[in-house]
Amino acid sequence: MSRAARIALFAGVLALVTLAGGASLVVSQTKVRPEAIRSSVTRSEAGVEKAWALPAASTFKRELTWQSNPSLCGPASVANALRSLGETVTSETAVLAGTGRCWTGVCFMGLTLDELGDVTRLKTSRTVSVLRDLSPEQFQQHLRRANEPGRRYIINFSRKEIFGAGTGHHSPIGGYLEAEDMVFVLDVNRDYQPWLIERDRLFAAMDTWDGKKKRGLLLIE
């Protein structure tokens, strides 16, 4: 084997090891105990049924395409949101195609809210806005509008604030039960599935830092 071939082979092996290590790191950082998942949010049958009947939530037809690995929650969220709006980009692969991001099938450390916004703008002619540094009152105003059929919100939040462990995560918001002050989160992780949570607790999980910027909402309208 020539020296050039040996170098190329070594580089390929190193890349695979790096990717595997990155994927393992993502998995280890996002692991939450099943009992913590069950006890930290609300999944009462009556509450979830009522939430699925909300105008925007009903467009998802009680179906979600689950993220294929822990780093792809952002693309999976966009795929589900666009599908619910009747668009054709309805898979993680389609969301990422041609964007130059996550070409290995792993988004190392995930996508930031700004990066997810950039990806989404390439896949839809709708207006895509990043909303951060919101006050609790502004957050509630947006939640009220989350029930409008023509608007979709994806929330970027810290799992640790809700479940006691885990890192940043993206998922669509299915709607807001204002009388109960509960938010319906369409979690794209199969282990969690959709859940309800008090507005103030979800705000606290969103109002956290991701690097030098706060987490927030992605609005597609």
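Mentor: What follows is a close look at the sheet, with strand 4 as the way in.

The model is predicted, and local features are reported at pLDDT of at least 70, side-chain atom pairs at pLDDT 80 or more, while totals for chains, interfaces and linings use all residues. Residues are numbered from 1 along each chain as its sequence is written, and side-chain values use heavy atoms, without hydrogens or water.

The protein chain has ten helices and eight strands; these are DSSP runs numbered from the N terminus, helices being H or I of at least four residues and strands E of at least two. Of its 221 residues, 48% are buried, that is, under 20% relative accessible area with a 1.4 Å probe and protein chains only (over 50% is exposed, and in between is partly exposed).

Six of the strands form an open, antiparallel sheet in the order 1-8-2-3-4-5. Two strands count as paired if DSSP finds at least two bridges between them. From one strand to the next, the twist averages 35°.

Strand 4 covers residues 182-185. Four bridges tie strand 3 to strand 4, and four bridges also tie strand 4 to strand 5, both pairs running antiparallel. Val183 stands opposite Ile197 in strand 5. Met182 and Phe184 point one way from strand 4, Val183 and Val185 point the other way, and all are buried. The hairpin of strand 3 and strand 4 has four residues between the strands, and there Asp181 takes a positive phi near 60°.

Helix 7 (residues 113-121) packs on the sheet, touching strand 1, strand 2 (152-158), strand 3 (168-177) and strand 8 (216-220). The direction of helix 7 makes about 170° with that of strand 1; axes are lines fitted to C-alpha atoms, for helices over the stretch in contact, and angles run from 0 to 180 degrees between N-to-C directions.

Eleven of the twelve residues of helix 5 are buried, among them Cys73, Val78 and Leu82. Their cover includes helix 6 (92-96), helix 7, strand 2, strand 3 and strand 8. Just after helix 5, Gly86 takes a positive phi of about 85°.

Last come the nonpolar cores. Such a core is a set of buried Ala, Val, Leu, Ile, Met, Phe, Trp, Tyr and Cys residues joined through side-chain atoms within 4.5 Å. The largest has 27 residues, of which Ile162, Trp195 and Leu217 touch the most other members. Helix 10 (residues 199-206) gives the most to this core, with four residues. Beyond its neighbours within four places in sequence, Ile162 is in contact (heavy atoms within 4.5 Å) with residues including Phe157, Trp195 and Ile197. A second, separate core of 19 residues includes Ala79, Leu116, Val119 and Leu218. In soluble globular proteins, nonpolar side chains tend to be buried together.
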